[in-house]
Amino acid sequence: MSDTRKVTLKTFRFNAETDYLPYYKHYELEVGKDELMLDLLNRIKWEHDGSFSYRRSCRHGICGACGIKVNGKATLACKQNALELVELFGDELLIEPQSKKRVVKDMIIDKKDFWDKHAEVKPYVVAEIDPHPEHETKQSIEEFNKFLDADLCIQCGSCHYACPAVEVNEDFLGPAAFTAAYRFTVDTRDEAGKERLELTSQMGPGVWDCVKCYECAEACPKEINPIEKITKLHNMQFEQGVAVPNVATRHAEGFLRGMKKYGLLDEADIVSYSEGYLGMYKHLKTALKMLKAGKIHWHSGVPFINSVPKIKHLDEVQKLIKISQTNKL
Ligand code: SF4
Ligand code: SF4
Ligand code: FES
């Protein structure tokens, strides 16, 4: 990588108080190899246009204020080397806010939905505390390690505003709120775990509406992997008897049924098991496409029923399921 590169920054501009429509302004900068995206935002403001607005505070990846998007990629400006992005995207970088529909001014967005959802999961230890304790509340290293990476969340919102489920479902709590729900539910000092599991098990706001796209894992600058925490919340809901029968939990059960029976995913059984035979009509068009593509097999002249061939060594898979299954479906 050369020491400097001429880079064009195509920058989103909008002032919700005065502008009818957003527009983009271009700035050309000679960018050094050690400069961060935050340095470039500062240079736009200090050298070109004092009205350019963005949030920043710590410059050390701690406060979570400087989240933006660069060429659509969720970016923490004070952690991201600028020329690394030039290597990835070329000499023109598109600088945009985390969510254009929430813009107050330029890069500054209204994060109210993020904070409201965060507050909803009670992101703190809920416990009756003795006001005059005689000794500290100890935790083992294993207990502490359970929530360690989730504890590193800086509430930057990168995962939340990268999440497609947040965009289409305004009730969906989102990956950052789930990460917080997980972090405090596994804390041995906390007493509100059941409440959080009940909240996050609801259809709509809860983890079952996650589409498992892994965008949140990609977006997180602290490598927290929110989707992994979401999966753990799924398991905890089953383990602690909070999961209720609905299309989502039956879908999870249906997955396991197929694996136990054939060692393979039985798509047709999952649909009929989770949505009922009437519900299958909704998916008739997809089923016909699958038939055409040879993904649904015929058995004794009948499609769908017992149609999946068993894998070799099915007993090995069944043993593995028995050993590894931590919850009762
Ligand atoms: S994996 Fe789930 S929570 Fe993460 S971004 Fe995708 S839909 Fe959102
Ligand atoms: S989980 Fe990661 S991306 Fe999401 S808010 Fe926390 S630090 Fe930011
Ligand atoms: S300025 Fe604090 S995280 Fe970037």
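This report walks through the overall build, the salt bridges and a few selected residues of a predicted protein model.

## Overall build

Let's begin with the whole chain. The 329 residues of the protein chain include 45% that count as buried. Its secondary structure consists of 13 helices and nine strands.

How much of the contact pattern joins residues at least 24 apart? Among contacts between residues at least 6 apart in sequence, the share is 64%.

## Surface and charge

The accessible surface of the protein chain comes to about 18600 Å², and carbon and sulfur atoms account for 54% of that area. One piece of the surface to look at is a nonpolar patch of about 490 Å², made by Leu 278, Tyr 281, Leu 284 and Leu 288. Within this group, Leu 284 is found in helix H12, which covers residues 284-292. Leu 284 counts as partly exposed because its relative accessibility is 42%, between the 20% limit for buried and the 50% limit for exposed.

As for charge, the chain carries 46 positive and 49 negative side chains. The centres of these two sets lie 5 Å apart.

## Salt bridges

Side chains of opposite charge can pair when their charged atoms come close. In this model there are 25 salt bridges. One of them joins Arg 5 to Asp 91, with the closest N and O atoms 2.9 Å apart. This pair links distant parts of the chain, as the two residues are 86 residues apart. Arg 5 sits in strand S1 (residues 4-13), while Asp 91 belongs to the loop between helix H2 (82-89) and strand S5 (92-96). Both ends are partly exposed: Arg 5 has a relative accessible area of 23%, and Asp 91 has 38%.

Are the partners buried or exposed in the bridge between Arg 183 and Asp 187? Here the N to O distance is 2.9 Å, and Arg 183 and Asp 187 are both buried.

A further bridge stays inside one helix. Glu 228 pairs with Lys 232, their closest N and O atoms being 3.2 Å apart. The two lie in helix H9, four residues apart, about one turn of the helix. Glu 228 is partly exposed at 30% relative accessibility, and Lys 232 is partly exposed at 33%. Elsewhere, salt bridges that share partners connect Arg 13, Lys 25, Asp 49, Lys 105 and Asp 106 into one network.

## Around helix H9

Helix H9 spans residues 226-239 and also holds His 234. Why does His 234 count as buried? Its relative accessibility is 9%, and the cut-off for buried is under 20%. Setting aside residues up to four places away in sequence, His 234 touches Val 207, Trp 208 and Lys 212.

Asp 149, a residue of helix H4 (residues 141-151), reaches this part of the model too. Leaving out neighbours within four places in sequence, Asp 149 is in contact with Ile 224, Glu 228 and Lys 229. Asp 149 and Lys 222 are 73 residues apart in sequence, yet their C-alpha atoms are 8.4 Å apart in space. With a relative accessible area of 27%, Asp 149 is partly exposed.

Conventions:
Residues are numbered from 1 along each chain as its sequence is written. Chains are lettered from A and ligands numbered from 1 in the order in which they are written. This is a predicted model: local features need pLDDT of at least 70, side-chain atom pairs count only at pLDDT 80 or more; totals for chains, interfaces and linings use all residues. Side-chain values use heavy atoms; hydrogens and water are left out. Patches are made of residues with over 30% relative accessible area and no salt bridge: like charges are joined within 9 Å, nonpolar side chains (Val, Leu, Ile, Met, Phe, Trp, Tyr) within 5 Å. Accessible areas come from the Shrake-Rupley method with a 1.4 Å probe; for residues, only the protein chains shown count as cover. A salt bridge is a side-chain nitrogen of Lys or Arg within 4 Å of a carboxyl oxygen of Asp or Glu. Buried means under 20% relative accessible area, exposed over 50%, partly exposed in between (1.4 Å probe, protein chains only). Contact means heavy atoms within 4.5 Å. Lys and Arg count as positive and Asp and Glu as negative; His and the chain ends are not counted. The place of a charge is taken as NZ of Lys, CZ of Arg, CG of Asp or CD of Glu.
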